[in-house]
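Here is a short briefing to read with the sequence and the model side by side. Start with the overall picture, then go to the details.

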Amino acid sequence: MRNLANRAHGLTLCAALAVTGLGSSSLLKADEIHTSLQDRGHTIGYVTTDLHWSVYQTPDLKADCPDGLNGNGPRETFKALFPQGGSVVNTELAREGLKVFPTDKPAQFPYIMAAGPTAIGLNLDGKVGPNDFVSPSGEQGINNALFRVIGCNAQYRAPDGQLQLFANKLIRGFNFDRIMIELTHVDSLVNDDDVEVTLYRGRDPLLLDATGEKVAPGGTQRIDVHYGKKLIQHLHGRIADGVLTTDPIDGEWPWAIYFDTPAVLHIRDMRLSLKLSPSSADGLIAGYTDVDSYYHWLTSWSTHHLAYGRLDPSEFYWALRKAADAYPDNNGAMTAISSAITVNMVQVFIEHPAGSSAEPLQRTADAAH
Amino acid sequence: MSRGTQVQTVREWFRARSTGLVGGAFWAGVAGTVTLGIAGCTHLLSDHHPAAAAATTQDLGPAEAGTRARVRLLTSEQYTNVIHDVFGSDIEPGNPIPPLSRTDGLLELTSASVGVTAGQMMQLQRSASAVATQVMDNGNLDKQLPAHRDYLVPCKPKKADAPDDACAAKFLKSTGRLLFRRPLSGAQLDDLVGKAHHASAQLKDFYAGLSSVLEGMLVDPMVLMIVDQTEPDPAYPGRRRLDAFSVASRLSFFLWNSAPDAEVLKAAESGAINTPAGRARVVDMMLASPRLENGIRAFFDDMFAFDDFDTLAKDAMVYPNVSGTTLKDAREQTLRTVYDHLITRNRDYRDLFTTRNTFISPPLAALYAVPSVPGWVPYEFPPDSPRVGILSQVSFLAVHSHPGRSSATRRGKALRELLLCQVVPSPPPNVDFSIVEDPKANFHTARERLTAHRSNPVCAGCHRITDPIGLALENFDGAGQYRLTERGAAIDASGSLDGKNFNDPPGLAHALHDHPALPTCLVKRMYAYGSGGPLSDADKPELTWLDKRFAATGYRVPDLLRAIALSPAFSEVAEIPAVPAPPAKTASLTAPRPAAQ
């Protein structure tokens, strides 16, 4: 436990604070970091700075969306369904109600699913099946059925898809989304076959760098132990060749995307695959996302915003159900969909409240030499 | 311009002020520069107050010592502090006084020899107008702005659209006493009340009329300048001393960096401030005041040349973690450390350079690679940390570096000049950098580059006295972040300071701690700062006494402040032999007059 306790004329202002973390500096070489890890409590924290639904895309659409992008958004479907207009209740409110309470009815308009053999994601079931993708690096058996649903929708495509852009931007702006991971029992950031990973929600603003655009490593986050208590989750994992891989858990990942409207993704068999460095952790959060929690996440985005990317929510719901590929209900309908989120994190010191702690940190990053 | 001419110029200035139009319009006639360097002349300005009681000064320092009487322009910080102390911190005066240049290691010492240009006077006029308007404003509920007049004017006029001499007099008497740092004479008050009456009647608004008079007061030279007025010293016939109000101002700007408050002025009015016992009570009260923090921070900000932070920038590509907030916090960290160590804890000044106690904020914590919490919190670096003393804080390391790399030379030079009061010669204009700039040389570390640079005998002389110090801080990059290597090569942080060798930053810190010039330099700087001007040979006896006193009290800064403030030299006027001053152009407010005899 690292105490910030300092005496100043009888004032012990922060004796109650127990802080864990690993100092990082981009100037330190890897071998120095490994030595430091062993000396410094075997603990390192990272905080989320960016989240994007993983979409493999090619510039000309030929490989991923040979039929083009979806064109039936709320405006287009409304125009087609109500060419003569009608009462507000029977037209506008009817469509908006369908957004909030979608049905299992088949889609009324053509929906373009992503095609092609390549997708970003992980092999969630350990198998290589006929519907699986190949990763960009050539790994077989990638499960990411969600990519079929979202891949050909302009909302999700870089660089200017509205949902991709703003949902990510709000990661930095909303403390609700401030998810951190803390790795304990770490002997090496390159290879360690036994690592504990804990998810917390932080409660402090992110530390921005000199440009004001990027998040700098080295900030400190206090844990939200009140509203964030239910988000504290434990995973077990291992590090091989600098990549952390965790075992799956049924996980919760908060991701509010619209002006503090809370949304929490329920991800079954959630696991992390992160390339680690002393200052960053980048990779994937993958698992089977509960269809209803995903749809709730999506529809917290307002209809007019969805219209920019031509994404009609009730049509999307049909596609989502159709592509879902795991956890069938009693009727055999799938309730979860394999998916992947690309995540970027930077190193952060995670401050534990008094009375709890992670591994002890005996010295500061630049003090151990 | 001869000294007599200078005196005459100031007299003209004062006369023009007293006959000028309400609202400071008199400034409009000034078209040039008025030189304020009039040391030794101010005894001619007033001779008002009776002598205070004579006292024994045997244990307070050399009785024969004295300092020059000066006229000093308020610094920008002092002007702001005065406005805030008199009217409240929500009255915003702007920044009408430009930064000073540095004399003998301190900005403050230049304030007795600066000029005020016509352009600066316009800025002062604008500021005065803005302050007066804010003080008299009626608030705005929609903008949640308070009606300052309701509590800054201590009475209500009988009619808001007409003059009220009694109410105007009440405000002008109390405010004038604080702004002029002495009570207004009956004639002065009558004059101001008459102007307020005239303006209120013309403008059909009591507060607008009062505002115009306040504006005029705020550009009055006696408000904008600290004028040492002298009187015969009854204890030493033939000698002069500062009058009680000048002592109050000198004490206050020394200890608080602001004007005296009502209590200090009361001690001046009673004459107690000119007796040893009375002044001791005042000084102890001032040392116990929260305003002392302003004074201490101002002094060390000046001594450490932290004004360099105002223009400091780091290359964001090289140091992405360093933002403007980081640099602001770096300055703040050291000033907090200084005040906490020297005043709150009352520790040995020399230990400031070896202490591991400091304060930390989140942006700084990222540079130190340590955890933090929101806001400022005390922090203690561990015993095996290379961070020892304020030399290893980001402030010193970053401000004495290049935008994209460290600088052993700048750091060594700063240490010698700022902390040891030594002078490092400036580099010659034709420095040959070809060796270090040769791309084929492939130097990895600063030590390699500087070793090559010192092979040039023209450069070697100065670099030998700076580099062995600065190289010991090479474990900290240009942003103050700790590092073990530079371009893949291990950093050798060994060095020496005037015969004392060390191997790392803590070694340098301890060598500096034990350097005999460290405390004597502080004494020099603080005494010069307190007396308001550069030192001369005549100050040596006083400095020698203060050095011994400082050592005897364990190098405690509050004791040093007290010793300076209570010493006879602080208020006795040193007689300076008349020497013809070099000619200078001055503004002519009226027709040229012959030099005073």
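Residues are numbered from 1 along each chain as its sequence is written, while chains are lettered from A and ligands numbered from 1 in the order in which they are written.

**Confidence**

- The model scores ipTM 0.72 and pTM 0.80.
- Chain B has an average pLDDT of 85, and 84% of the residues score at least 70. pLDDT is the predictor's confidence in each residue, from 0 to 100.
- In chain B, residues 1–58 have pLDDT below 50, yet this stretch has 140 contacts in the model beyond near neighbours in sequence. Two residues are in contact if their C-beta atoms, placed from the backbone, lie within 7 Å.
- Residues 587–597 of chain B are also below 50 in pLDDT, with 20 contacts beyond near neighbours in sequence.
- Where pLDDT is low, predicted coordinates should not be read in detail.

**Overall make-up**

- Chain A has 8 helices and 15 strands. Chain B has 24 helices and 12 strands.
- Helices (H or I, at least four residues) and strands (E, at least two) are DSSP runs, numbered from the N terminus.
- Of the 369 residues of chain A, 48% are buried; of the 597 residues of chain B, 49% are.
- Buried means that 20 or more other C-beta atoms lie within 10 Å of the residue's own; exposed means 12 or fewer, and partly exposed is in between, with C-beta atoms placed from the backbone.
- Take the contacts with a separation of 6 or more: residues 24 or more positions apart account for 69% of them in chain A and 72% in chain B.

**Nonpolar core**

- The largest nonpolar core holds 233 residues, and the members that touch the most others are Leu320(A), Ile337(A), Leu251(B), Leu508(B) and Leu512(B). Strand S15 (residues 334–352) of chain A gives this core its largest share, 10 residues.
- A nonpolar core is a set of buried Ala, Val, Leu, Ile, Met, Phe, Trp, Tyr and Cys residues joined through C-beta atoms within 7 Å.
- Leaving out residues up to four places away in sequence, Leu512(B) touches Phe353(B), Leu391(B), Leu415(B), Leu419(B), Leu497(B) and Leu518(B).
- Leu522(B) sits in helix H21 (residues 517–531) of chain B. Leu522(B) counts as buried because it has 26 C-beta neighbours inside 10 Å.

**Helix H5 of chain B**

- The buried residues of H5 (residues 165–180) are Ala168(B), Phe171(B), Leu172(B), Thr175(B), Gly176(B) and Leu179(B). They lie on the same side of H5(B) because they cover an arc of only 120° around the axis. The arc is that of the directions from the helix axis to the C-beta atoms.
- Their cover includes helices H2 (76–87), H6 (186–203), H7 (206–218) and H8 (221–224) of chain B.

- Strands pair if DSSP finds at least two bridges between them.
- Thr198(A) is opposite His234(A) in S9(A).
- S9(A) also pairs with S10 (residues 243–246), antiparallel, over 4 bridges. Ala240(A) has Val243(A) in S10(A) as its bridge partner.
- The hairpin of S9(A) and S10(A) has 2 residues between the strands, and Asp241(A) there takes a positive phi near 50°.

Definitions and conventions:
This is a predicted model: local features need pLDDT of at least 70, side-chain atom pairs count only at pLDDT 80 or more; totals for chains, interfaces and linings use all residues.
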